[in-house]
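Good morning, and thank you for joining this group meeting. Please look at the sequence and the structure together as I speak.

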Amino acid sequence: MGVTLAIDTSAGTTVALVKAGEVIAESNHDNTMGHAETIAVAIAEVLASAPGIEVNSVVVGRGPAPFTGLRVGIAAAMMFSQGAKAKLSGVISLDAIALLELEANEDISASKPLLVLTDARRKEVYYALYSGLNSHGVPIRIDGPSVIKPAALEEMLIDKNITPVSSTKSISAVAVAKLAAAQARDGSLSNDVTALYLRQPDAVEGQFGKKVSG
C-alpha cells in the first residue's frame with residue numbers, strides 16, 4: 001500500500017502516516033467536539049514530519065459515530081485523496097479497536113467474544129462482538145455494529161448466555177492503517193467510505209409553510 005494516510009474522527013481526531021507497517025508520524029487529539037477545527041492541524045502535523053513524502057493511499061474510519069464528527073474525517077479523507085490522486089478506502093472504526101485488543105488478548109473465542117463499545121450519546125452505545133482474528137489478521141465480527149441502550153445490550157448478552165471480554169482500547173489512526181493493511185492482504189478492503197451513523201442524524205429538514213397556531 002506504499003505510504004498510507006489514516007484518519008479517524010469517530011471519537012476525537014486521530015491522523016497517522018504509515019509505511020510498510022512502520023509509523024512515520026501520528027497526531028492524536030482527544031477533543032470529541034472540535035473535529036472541524038482540528039482535522040487540518042492534525043494532517044498538517046503528520047505531513048510536516050515527512051517533508052516531500054508521497055501518500056499512495058488514504059484510509060478513513062467510517063464509524064459508527066455521531067453524525068457531525070464522523071463526516072469531518074470522511075470529507076477530509078475524500079478531499080486529500082482526490083488532491084493527492086491516492087487510493088481511498090474505508091474501514092469500520094470498531095474493527096480497528098478490536099484489532100488492537102485481539103492482538104493483545106489470546107483468550108478471545110466464539111464462546112467468550114470480545115465486546116467493543118463506544119459512546120453513541122443519547123444514553124446509547126455502539127457495539128460489536130468479535131470471536132478472534134482470521135489468518136490474515138482481520139477481526140472476525142460476529143455481531144454488530146449496532147446502536148443500543150446499555151440495559152438492552154446487557155439483557156441481550158444474558159439472553160444469549162454470552163459473557164464477553166470488554167475492550168479497554170481507544171481508536172487510533174495507526175490501528176485504522178493496520179486494519180486496512182490486514183484487509184488488503186485478505187482481499188476485503190473496501191472503497192466504501194459512507195458514514196455509519198446507524199440512526200438518523202440530528203439535523204432534519206425544516207418544514208416550510210407549516211402553520212403555527214397562536
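Of the contacts in the protein chain with a separation of 6 or more, 67% are between residues 24 or more positions apart; a contact here means heavy atoms within 4.5 Å. The model is predicted: local features need pLDDT of at least 70, side-chain atom pairs count only at pLDDT 80 or more, and totals for chains, interfaces and linings use all residues. Residues are numbered from 1 along each chain as its sequence is written, and side-chain values use heavy atoms, with hydrogens and water left out.

The protein chain has five helices and nine strands, taken as DSSP runs numbered from the N terminus, with helices being H or I of at least four residues and strands E of at least two. Its radius of gyration, taken over C-alpha atoms, is 18 Å, close to the 17 Å that the globule rule gives for 214 residues, so the chain is as compact as a globular protein of that length. That rule is 2.2 Å times the number of residues to the power 0.38.

Four strands form an open sheet in the order β8-β7-β6-β9, with mixed pairing; two strands pair if DSSP finds at least two bridges between them. The edge strands, β8 (139–148) and β9 (165–166), each pair on one side only. Strand β7 (residues 124–133) runs antiparallel to β8, and seven bridges join the two. Tyrosine 130 has arginine 141 in β8 as its bridge partner.
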